[in-house]
Amino acid sequence: MFKMQTISSCIILSMLLLNILCTGHGNKGWGITFNPPEVTAVPGLCALISCTFTYPDKANPIDNVQWKVCSKTGECKNDIFKGKVSTQNENKLEEKETETERIKMLEPDMSKTNCSIIMKDIKAEDENEYAFRVEGQKTYKNTFNPTVKIIIQDKPIMDVPPLSDGVEANLTCSAPFPCPETPPEIKWWIKTREGNILSYKDDNIILISSTSLYLSTLTLTPTSKLHNATVGCDVSYGDKTISTSRTLEVMYVQTLRILGNNRVREGDTLSLICTVECHPPSSDPVWSFSGSTDTIRNHTSAENLMITNVRKEHAGIYVCEMTYRNETLKASITISVIRKEDFQMQVDIRMITGFLTGISMSAVIFSVVLCCHESWQSRDKIHEVMDTNTYTEVILEVFYDQEGHHKE
Ligand SMILES: *[C@@H]1O[C@H](CO)[C@@H](O)[C@H](O)[C@H]1NC(C)=O
Ligand SMILES: *[C@@H]1O[C@H](CO)[C@@H](O)[C@H](O)[C@H]1NC(C)=O
Ligand SMILES: *[C@@H]1O[C@H](CO)[C@@H](O)[C@H](O)[C@H]1NC(C)=O
C-alpha cells in the first residue's frame with residue numbers, strides 16, 4: 001500500500017518535472033495575451049481584438065491559424081476564421097479557407113506572432129468568447145487559453161454623481177472605442193422641465209486605453225431648476241449614433257414659509273399652511289404655539305393648521321418646524337385675534353367717520369358755491385365800475401375761472 005503511494009507520487013512528480021523541462025526548454029511554450037482582455041463593441045461597427053501569441057519552436061513552420069467561437073459550455077469548436085500559412089513564402093498567411101470577409105487578420109506574417117483581428121459589422125449575436133488556434137508540425141497544435149470576450153454595448157454609459165443645488169459636479173459618459181477607424185464624437189444635452197434644450201459639445205474627450213473607452217466629462221453646477229430635467233449623452237461614430245439619457249435629481253431646499261392671514265376675527269377659522277419647496281421631501285411639519293406643541297396637536301394635519309371658532313386666547317406666535325436632511329427649518333407667524341365687539345366698534349367708527357366726512361364735504365361744497373356766487377356778483381360790479389379798463393377785467397376773469405374749476 002505504502003509502496004503504491006510512493007510510486008504514484010514519484011510518477012506525478014517526474015511528470016511535472018518533465019513538463020517544466022519541456023515547456024521551459026530554452027524557448028517559449030504556447031501563450032497568448034489579449035489587450036484589452038475584453039472587447040466592448042457597438043452593433044453595426046467593427047471590433048478590434050488585439051493580441052500576441054507564443055508557440056514552441058517545434059511547431060515550426062505553422063501550417064494554419066484559426067479563430068473559433070466558444071459555446072456557452074466553454075467548447076471552442078466552430079471556426080469563424082481559418083487561414084493557411086504558406087510553406088513557400090514562409091510564414092505568410094495565404095488562403096482563407098472560411099467564407100468570411102467579416103474577419104480579417106491584421107498581420108499576415110505569422111513570425112511576428114501577432115494574432116490581432118478586426119471583426120466587421122458587429123451584431124448582438126457576436127457577444128461570445130473567442131479562441132485562437134494554431135496548428136503547426138506533427139502534434140504541435142493548440143487552442144489557446146485564455147479566450148477573449150466580445151461584449152456588446154448599444155448605449156453609452158452615463159455616470160451622474162449625487163447633485164446638490166449650487167455644488168459643482170462632474171458627470172461622465174463613456175463610449176466604447178471598438179474600432180480604430182471611427183473615433184467617437186460625444187455631445188451632451190439637457191432638456192429642462194419647460195422643454196428647453198441646452199447643448200454641450202465636448203472637445204476634451206479622453207481615451208482610456210486600458211479599457212478602450214472614450215470618456216467625456218460634463219462639469220455642471222446644478223440649480224433647483226434642473227431638478228427633474230433630463231440629461232443625455234449622444235455618441236456618434238460617423239453615421240452611427242448611440243445615446244442614453246436620464247432624469248436629474250437635484251437636492252435643494254428653499255425658504256420655509258407659512259401661508260395664511262395673520263388677523264382673524266373671533267369665531268372665525270384660523271387656517272395656516274407651512275410649506276417648503278425641496279427635494280428630497282422634508283419631514284411633516286411640527287407646529288407649536290407659545291412654545292408648546294401639545295395645545296394645538298389636534299388642530300394639525302400634514303402641513304395644515306386649522307382652528308375653528310377662534311377665541312382671543314388663540315392670539316400669539318405660531319411656529320412651524322420641519323427637518324430637511326438633518327437640518328431644522330423654522331418659520332413663525334404672529335396671529336392677532338380681533339374681538340367681535342372691537343370689530344363692531346371699528347365698523348361703527350368707520351360709519352360715523354364716513355358720515356362726518358360726508359357732512360364736512362357737503363359744507364365745503366356749499367361754501368364754495370356760495371362764494372362763487374358772491375364773486376360773480378362782485379365781478380359784475382367791477383365790470384360796471386371799471387368798464388374803461390379792459391386789462392384789469394381780463395386778469396380778474398382768469399382768476400375766477402380757475403377758482404370755479406377747482407371746486408367742482
Ligand atoms: C499587430 O499588427 C497590426 C498590423 O500590422 C498592428 O497595427 C498592431 O499594432 C499589431 N499589434 C501588436 C500587439 O503588435
Ligand atoms: C470636475 O472636473 C474638473 C476638470 O477635470 C476638475 O477640475 C474639478 O475639480 C472636478 N470637480 C469635481 C467636483 O470633482
Ligand atoms: C419631479 O418629478 C417627480 C416624479 O415625476 C414629481 O413627483 C415631482 O413633482 C417633480 N418635481 C418638480 C419640481 O417638478
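How many of the 408 residues of the chain, as a percentage, count as buried? The figure is 34%, where buried means under 20% relative accessible area, exposed over 50%, and partly exposed in between, with a 1.4 Å probe and protein chains only.

Let me state the basis of these values. This is a predicted model, in which local features need pLDDT of at least 70 and side-chain atom pairs count only at pLDDT 80 or more, while totals for chains, interfaces and linings use all residues. Residues are numbered from 1 along each chain as its sequence is written, chains are lettered from A and ligands numbered from 1 in the order in which they are written, and side-chain values use heavy atoms, with hydrogens and water left out.

I turn to the overall fold. The chain has 3 helices and 31 strands; these are DSSP runs numbered from the N terminus, with helices being H or I of at least four residues and strands E of at least two. Among contacts with a separation of 6 or more, 59% join residues 24 or more positions apart, a contact being heavy atoms within 4.5 Å.

The largest nonpolar core has 32 residues, and F53, V65, W67, M105 and F132 touch the most other members. Such a core is a set of buried Ala, Val, Leu, Ile, Met, Phe, Trp, Tyr and Cys residues joined through side-chain atoms within 4.5 Å. Leaving aside residues up to four places away in sequence, M105 touches V65, W67, F81, L93, M110, N114, C115, S116, I117 and F132. A second, separate core of 25 residues includes I186, Y214, L220 and V235.

C70 has C76 of strand 6 as its bridge partner. Between the two strands lie 5 residues, and in this hairpin G74 takes a positive phi near 100 degrees.

Finally, ligand 2. Which residues surround ligand 2? They are E168, N170 and T219, by the criterion of a heavy atom within 4 Å. A polar side-chain atom of E168 lies 2.9 Å from a nitrogen atom of ligand 2, and one of N170 lies 2.4 Å from an oxygen atom of the ligand. Taken alone, ligand 2 exposes 360 Å², and the protein buries 33% of that, with accessible areas from the Shrake-Rupley method and a 1.4 Å probe; for residues, only the protein chains shown count as cover.

Key:
Polar contact = N/O pair within 3.5 Å; in protein donor to acceptor, adjacent residues only side chain to side chain. Pairing = 2+ DSSP bridges.
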